[in-house]
Structures are given as C-alpha cells and as structure tokens.
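Let's walk through this one together, starting with the overall layout and ending with the aromatic rings.

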Amino acid sequence: AVATIGVSLPSVAAMLAAVGFLNRYYKTAAVRSVLSGLRPAVVALILGAGAIIAHQSVRGISGYLLIAASVAASKVLKIHPVVIILLSGAAGILIYR
C-alpha cells in the first residue's frame, strides 16, 4: 500500500496542480493557444502508439478487418467501446482458434 501511494502521489499532485492552473487561467489567450498547439501533438502521439501496437499485434488480413469493423462499430453505429471489446474478443476466438 505504501509503495502504491509513493508511486501514485507525484502524478496525482502534478495533475491537481495542472487542473488548478487550467481552471484559473483557461480563458487567457496564451493558455488557449498552448492547448490548441498541444492537441494535435497528443493526437499524433496516440496514433503513433496505436500504429506500433497494430504492427506488433495484428495478424493477417483478418486483424485489419477487425480494426475496420471496430472503427465502424464505434463511429458509425455508435456502439459502446466495452461491447466492441467483447465482440472483438469473441471474434478472435472464432478466427484465431
């Protein structure tokens, strides 16, 4: 328990400080400009991580079809992510057995 607190406390403290700063200065032009610049970078980092995971994890055309089906289920059909994860797991059992 002490180790968990020791590992988690610095992150929690940093987040609380950041939230306090953003709440106070969010409406200023400088903070809005910084956030506008950070958003595309964060999206790029997430996409980069996704590409690495896909490259290491996807096996064959069926894997890419599962990716496409999952994206379509999420964005077009508005299916909840938990349902998509469960259905993808079931599809994995059927496909990769």
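From the N terminus on, the elements of the chain run α-α-α-α, which comes to four helices and zero strands. Helices here are DSSP runs (H or I, at least four residues) and strands are too (E, at least two), numbered from the N terminus. Keep in mind that this is a predicted model, where local features need pLDDT of at least 70, side-chain atom pairs count only at pLDDT 80 or more, and totals for chains, interfaces and linings use all residues. Residues are numbered from 1 along each chain as its sequence is written, and side-chain values use heavy atoms, with hydrogens and water left out.

How confident is the predictor? The mean pLDDT (confidence in each residue, from 0 to 100) of the chain is 93, and 100% of its residues reach 70 or more.

As for burial, 8% of the 97 residues count as buried; buried means under 20% relative accessible area, exposed over 50%, and partly exposed in between (1.4 Å probe, protein chains only).

Now for the rings. Two rings of Phe, Tyr or Trp (its six-membered ring) pair if their centres lie within 6.5 Å; planes under 30 degrees apart count as stacked, over 60 as edge-to-face and the rest as tilted. That rule gives one aromatic pair. Phenylalanine 21 and tyrosine 25 have ring centres 5.0 Å apart and planes at 45°, so the pair is tilted. Both sit in helix α1 (residues 2–25), four residues apart, so about one helical turn separates them. Phenylalanine 21 is partly exposed at 46% relative accessibility, and tyrosine 25 is partly exposed at 35%.

How values were computed
pLDDT = per-residue confidence, 0-100.
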